[in-house]
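Have the sequence and the 3D view ready, and let's walk through a few features together.

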Amino acid sequence: MATLVIEKLRKSFGPIEVLHGIDLSLQSGEMLVIVGASGCGKSTLLRLVAGLEEPTSGRIVLDGRDITTLDPSARDIAMVFQNYALYPHMSVFDNMAYGLRIRGLPKPEIQRRVHEAAALLGLEALLARKPRQLSGGQRQRVAMGRAIVREPKLFLFDEPLSNLDAKLRVSMRAEIRRLQRRLGVTSLYVTHDQVEAMTLGDRLLVLHLGLPVQLATPMEVFDRPANTYVAGFIGTPAMNLLDATLTAGGTAARLEGGMLLPFADGRREGADGRKLTVGIRPEHVRLEPGGVPLAIDLVEPLGSETVLLGRMPDETMLSVKVHGVWTGGERTEIAIPPASLHVFDAQSGLRLDPLR
Amino acid sequence: MRRSQNWLAHTVLILGALLFALPIWLAFCAATLDPAAIDRGELSLIPRLDHLGSFWDVLVHGGPGVPPVWRMLLVSFGMALAIAVGKIAISLLSAFAVVFFRFPLRRTAFWTIFVTLMLPVEVRIIPTYAVMGDLHMIDTFPGLAVPLIASATATLLFRQTFAAIPDELVEAARMDGAGPLRFLKDILIPVSAANLAALFVILFVYGWNQYLWPLVVATSPSLDTIVIGIVKMIGIDTSTEWNKVMATAVIALIPPVVVVLSMQRWFVRGLTEGEK
């Protein structure tokens, strides 16, 4: 159990700065998921915490101790790698025990820890096997076991599930969550998969181009995305983002086609004609007879639900998610409920909250 | 169709094997003949099994002007082993440094090693002899092996092997607390075991076959390698006892063959066991 504090962390590779100042604070036992597209700097952030890279400036404090310049092995941190990084010539037992042996733990203690971790992960029957004799899921478990036996203050997960097939990923995801809760070890988890991010994290940090965009609980990120990047990144299918302008008095947005979308939660600041981006999630668009006509170009059945890709009269594209199978044909009529509207400034992309 | 292709492949392979085996068989048969018969050019493809004693004879007593073959085998074996082990040890460490450490002039160091590929012993034989002389290593056992130990080829090979090791494996070891030497011993060497075995075989045979340098550096008969011994047995003005030469040649084949066969099983296992 330990807290992690990251202050003004920056990292440059040569002239290129990839992390532009990250501030972060994790409570004891918290699981924070760092999510972002490839190249956003999320893996670099993790590697800085691990000590595999040196920060250009800033501080990392684990459990009250400044670890910014410590050697990785001296940080009391364990890491689970994307490609498992198991020692191919060692048995499962030796893979888990290796770090403990180096630390000079007594043999009975090593035995106890490895067997406990193996029991926790269902690996007891495989302890004598070599990594190549294991399936992907089993290898991933061994990689986790290797982190668990260390009994570290902090777990780091670097996209640990991205090499697994979809079905296994779902079950391993649940398992990681269960283990992390049970062990109560503070954890940083890096992923580009928004479903993993939503389901695993106590909080999410959305990174975009080396900058923290939003740090909040998964539902907060989903319900109140901080800018258009987060709005488009979290949620499947992606949120519809439509160009609009503010009406006089700031009480509604006018779409390019002339459709008026009143704000349910209050007026927004700005002059008449301020450029906006309004967002509406596909699942929040309602089918409403007598509403705006929508010409459907493409129907994507997903089983329990169906995604419709359509055009509004002004040719603006709009995706709509409906329950069940779509039987409605090539035209329908829709309405955008004001309560589900997200309003952003068109220029900065930042969320515009109502005035109070 | 597949059956006929197999048949063809086997025929070619069998012919190839016969082609390579024939000279060895001839040498074996010649070892059992009268020396005079060979001089008359009467080579036979059928060994005279009652004359197998010539093998024992050269092994224990040697031939004209050379020590017993067992002694020369020992010198050759020692030299080949020292060369193979020495080359592996030195190039393993240099490749380790070049691949895993960031130090000034790292690339220069690597290319300097690389350039020595163009300077084999044959090219630098006089300066090397002079250096050995200054070190008082002429006509000594270390003098036989040491100048042949430096190896750019092996360094290059290890560099490739090490470069193929995933970064994550190196990082996992760092997180586990393994220092550089532990990493080398516990992870790098076991992971590269297959390459090590293959390289050992090649280098051992290379060492075994050395002729020019031992000829130059060693003059006392106690340092005669088996290759030198064979040449010495072929007299220039005296009549050559060809059966003894042939027997020695056949015996000289055995140690490298044994090394190849024993290590072959090892490195084939290493190759098939490697990660996908």
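## Before we start

Two strands pair if DSSP finds at least two bridges between them. Helices (H or I, at least four residues) and strands (E, at least two) are DSSP runs, numbered from the N terminus.

This is a predicted model, where local features need pLDDT of at least 70, side-chain atom pairs count only at pLDDT 80 or more, and totals for chains, interfaces and linings use all residues. Residues are numbered from 1 along each chain as its sequence is written, chains are lettered from A and ligands numbered from 1 in the order in which they are written, and side-chain values use heavy atoms, with hydrogens and water left out.

## A hairpin in chain A

Strand 9 (residues 203-208) and strand 10 (residues 211-216) of chain A run antiparallel, joined by 5 bridges. Look at Val206(A): its bridge partner in strand 10 of chain A is Gln214(A). The two strands form a hairpin with 2 residues between them, and Leu209(A) in the turn has a positive phi of about 50°.

## Two helices crossing in chain B

Now find helix 5 (residues 106-115) and helix 8 (residues 152-163) of chain B: their axes come within 8 Å and cross at roughly 135°. (Axes are lines fitted to C-alpha atoms, for helices over the stretch in contact, and angles run from 0 to 180 degrees between N-to-C directions.) That makes helix 5 of chain B oblique to helix 8 of chain B, since angles under 35 degrees count as roughly parallel, over 145 as roughly antiparallel, 65 to 115 as roughly perpendicular and the rest as oblique.
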